[in-house]
Amino acid sequence: MNRASDANKLSTGYRQVMNSFSTPKCPHFAVCSGCEIFLDETPRAWKEIVEFFHSLSLEPLLEAGKPLHWRLKAKLAVREGKDGPIIGLFKKGTHEAVSIPQCLVHHPSINQGVSYLSKMLLRENLSIYNEEKGTGLLRYAQFFAHRQSGALQLSLVVNSEILSKEIEKLSKHFSGDLWHSLWVNFHPAGDNRVLGSRWQKLAGEPWFCQPFLGELIPFHPGAFSQANLELFEKLCQHIRSWILPSDRVVELVAGVGVIGTSCLAFCKKVLLVENSAFAAVSF
């Protein structure tokens with residue numbers, strides 16, 4: 001089989017995966033910047049991947065996960081709207097936030113948590129960040145859903161250097177099975193970063209432990225995590241199958257070290273390289 005027919009075969013496979021996303025239709029697709037899925041053609045990125053690996057006489061592997069409700073971690077902007085706070089993403093090409101309450105890729109707990117947070121913001125009349133003026137308190141909200149229980153690690157990003165009475169009052173509403181823990185991230189700088197460098201836990205457990213390849217991997221809210229842990233787990237399984245007992249493994253930008261630690265029992269030595277203090281403390 002020549003490379004052209006190989007690429008066509010892979011393109012067909014990709015379209016089959018993407019077509020499974022087409023039902024039901026996402027109500028937010030027209031304005032939300034979170035998804036860039038075109039069902040009528042293979043995305044340019046996949047064509048480039050195929051061409052690159054074919055230039056090395058290698059065949060790329062396409063691993064498909066479930067098309068809906070796979071995203072376990074979401075960083076969402078909080079902005080003021082006409083009818084109350086908007087918790088969502090920016091419109092494509094803008095910094096205008098749009099609500100995405102029925103997001104089809106978010107884990108259902110995230111959509112539930114967004115709805116609850118929105119109600120509590122209205123109830124407590126919490127001030128919302130204004131990007132142009134640099135005023136208001138709440139800038140972003142980060143949600144991380146547990147793979148098994150669906151419980152949420154919620155982080156509130158505030159435009160402040162200190163813990164305000166507003167946030168302390170708001171935190172009293174976050175208890176029960178939906179909530180694993182509540183954190184505050186202090187981010188008073190006027191830039192486009194989502195997270196600041198200082199954290200404080202307000203309630204719940206200090207470590208968010210996700211099940212992964214038979215182990216429990218702890219995550220500080222400031223540590224990076226893949227949003228699709230199901231596919232990431234498959235990736236790690238493939239990597240482990242390539243390793244020989246005499247191999248030394250180096251993981252660059254290692255995060256909390258999931259890939260490296262999953263390889264540890266299959267190779268001679270593992271070296272992890274990471275500059276995030278929150279990833280290091282999680283590891």
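Reader: Why is lysine 91 called partly exposed?

Author: Lysine 91 has a relative accessible area of 27%. Buried means under 20%, exposed over 50%, and partly exposed in between (1.4 Å probe, protein chains only). The value 27% falls in between, so lysine 91 is partly exposed. A word on the source: this is a predicted model, where local features need pLDDT of at least 70, side-chain atom pairs count only at pLDDT 80 or more, and totals for chains, interfaces and linings use all residues. Residues are numbered from 1 along each chain as its sequence is written, and side-chain values use heavy atoms, with hydrogens and water left out.

Reader: What makes lysine 91 and glutamate 96 a salt bridge?

Author: Their closest N and O atoms are 3.3 Å apart. A salt bridge needs a side-chain nitrogen of Lys or Arg within 4 Å of a carboxyl oxygen of Asp or Glu. The pair passes, so it is a salt bridge. Glutamate 96 is partly exposed, at 43%. The structure holds five salt bridges.

Reader: Which parts does the salt bridge of glutamate 124 and lysine 169 tie together?

Author: The distance from N to O is 3.4 Å in this pair. Glutamate 124 lies in helix 3 and lysine 169 in helix 4, so the bridge ties together parts that are 45 residues apart in sequence. Helices (H or I, at least four residues) and strands (E, at least two) are DSSP runs, numbered from the N terminus.

Reader: Why does glutamate 124 count as buried?

Author: Its relative accessibility is 18%, so glutamate 124 counts as buried. Glutamate 233 is also buried, with 17%. Its salt bridge partner is arginine 147, and their closest N and O atoms are 3.2 Å apart. Arginine 147 is partly exposed, at 27%.

Reader: What do the buried residues of helix 3 pack against?

Author: Their partners include strand 1, strand 2 and helix 4. Among the buried residues are Ile110, Val114, Leu117 and Leu121.

Reader: Where is serine 127, and which residues is it in contact with?

Author: Serine 127 sits in the loop between helix 3 and strand 4. Contact means heavy atoms within 4.5 Å. Leaving aside neighbours within four places in sequence, serine 127 is in contact with Gly136, Leu137, Leu138 and Glu166. The C-alpha atoms of serine 127 and leucine 137 are separated by 5.3 Å, though the two are ten residues apart along the chain. Serine 127 has 28% relative accessibility, so it counts as partly exposed.

Reader: How do you know that cysteine 263 is in no disulfide?

Author: A disulfide is a pair of cysteine sulfur atoms within 2.5 Å. The structure holds zero disulfides. For cysteine 263, the nearest cysteine sulfur is that of cysteine 267, 6.0 Å away. That is beyond the cut-off, so cysteine 263 is in no disulfide. Cysteine 263 is buried, at 0% relative accessibility.
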